[in-house]
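Biologist: I am new to this structure. Please show me how to read its features, one at a time.

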Amino acid sequence: HGSAGAEQPDRIGRASLAHLALSFMELARLPRNPDRLKARITIPDPDALERLQSAVKNGGAVIAGAHFGAYEVLGLASPLFNVPAASLVRPLDNPYLERWLQGARQRHGQQLVDNRGGTRELASYLDKGRMLGVMVDINRRSGRRMWVDFFGVPAATAPTAAVLAFRAQRPLFTIVSRRTGRPLEFEFQIGEPHLPRPGTDRDAGLLTHVVREPS
């Protein structure tokens with residue numbers, strides 16, 4: 001409303017760009033030594049990490065993340081905690097920047113899967129005992145989507161992480177990698193596992209709601 005309402009999108013846009021730039025700078029400045037990098041990450045709930053490690057070891061797990069906080073650090077450093085990761089990514093249009101980004105993301109063993117038709121390849125990593133990482137974006141404009149409540153506003157999101165967990169009957173975890181306030185120090189917050197209900201028909205229980213419009 002008025003000038004204040006007009007300024008808000010600009011403010012959000014500038015903050016988003018600053019966050020993206022910070023994520024790239026962190027990738028460039030993170031310690032290359034795995035022990036030094038691991039020392040900069042804390043996990044407040046060791047039991048949550050143990051549950052995730054056990055799930056990955058016993059047949060894999062699916063992770064639903066978000067472009068929030070230090071999300072690039074999450075997949076990069078997960079193998080250092082005995083949680084090898086395979087992450088669904090969109091390749092950059094700039095081939096030179098994409099080459100650098102791939103090297104930075106994979107330096108500690110993270111596998112990258114192209115999101116252009118890569119979900120079948122991603123699912124195959126469950127058999128290899130990996131954590132499947134999927135960034136769940138909000139306000140998806142086309143393709144397969146499902147509507148969720150986002151702070152009181154209906155928003156369309158991709159069901160990819162849930163579908164992968166449902167098909168493989170493997171647990172789905174949420175993880176957030178947040179900055180602690182000190183330069184290049186982070187905290188991984190791991191949520192409780194969500195288990196697919198045995199015997200539930202996938203089409204009736206999940207995919208029938210994927211294209212549902214908000215009421």
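Modeller: Start with the elements. Helices (H or I, at least four residues) and strands (E, at least two) are DSSP runs, numbered from the N terminus. Two strands pair if DSSP finds at least two bridges between them. Take the hairpin of β8 and β9: six residues lie between the strands, and Gly181 takes a positive phi near 110 degrees there. This is a predicted model: local features need pLDDT of at least 70, side-chain atom pairs count only at pLDDT 80 or more, while totals for chains, interfaces and linings use all residues. Residues are numbered from 1 along each chain as its sequence is written, and side-chain values use heavy atoms, leaving out hydrogens and water.

Biologist: How many helices and strands does the protein chain have?

Modeller: Eight helices and nine strands.

Biologist: In what order do the strands of the open sheet lie?

Modeller: First the general idea. Strands of a sheet pair through backbone hydrogen bonds, either parallel or antiparallel. Here seven strands form an open sheet, in the order β1-β9-β8-β2-β5-β3-β4, with mixed pairing. β1 (41-42) and β4 (111-114) are the edges; each has a single partner strand, so one side of each lacks a neighbour in the sheet.

Biologist: Which pairs run parallel, and which antiparallel?

Modeller: β8 and β9 run antiparallel, joined by five bridges. Val176 stands opposite Gln189 in β9. β1 and β9 run parallel, with two bridges; Thr42 has Glu187 in β9 as its bridge partner. β3 (residues 85-89) and β4 also run parallel, through four bridges. There, Ser87 stands opposite Leu112 in β4.

Biologist: How many residues of β9 are buried?

Modeller: Buried means under 20% relative accessible area, exposed over 50%, and partly exposed in between (1.4 Å probe, protein chains only). Four of the five residues of β9 are buried. Across the protein chain, 39% of the 215 residues count as buried.

Biologist: Now a helix. Which residues of α5 are buried?

Modeller: An α-helix has 3.6 residues a turn, so residues three or four places apart point the same way. In α5, the buried residues are Glu98, Leu101, Ala104 and Arg105. They cover an arc of only 130 degrees around the axis, which puts them on the same side of α5. That arc is taken from the directions from the helix axis to the C-beta atoms. The face turned away from the buried side carries exposed Tyr96 and Arg99.

Biologist: What span should α5 have?

Modeller: The expected span is 1.5 Å times one less than the number of residues. For the 12 residues of α5 (residues 95-106) that gives 16 Å, and the end C-alpha atoms are 16 Å apart, which agrees.

Biologist: Which residues have the most contacts inside the largest nonpolar core?

Modeller: A nonpolar core is a set of buried Ala, Val, Leu, Ile, Met, Phe, Trp, Tyr and Cys residues joined through side-chain atoms within 4.5 Å. The largest has 29 residues; Ile41, Leu52, Val73, Met131, Phe188 and Ile190 have the most contacts inside it. Its largest share, five residues, comes from α3. A second, separate core has 14 residues, including Leu88, Leu126, Leu132 and Leu172.

Biologist: What does Leu52 touch?

Modeller: Contact means heavy atoms within 4.5 Å. Setting aside residues up to four places away in sequence, Leu52 touches Ala61, Ile63, Val83, Met131, Phe173, Ile175 and Ile190.
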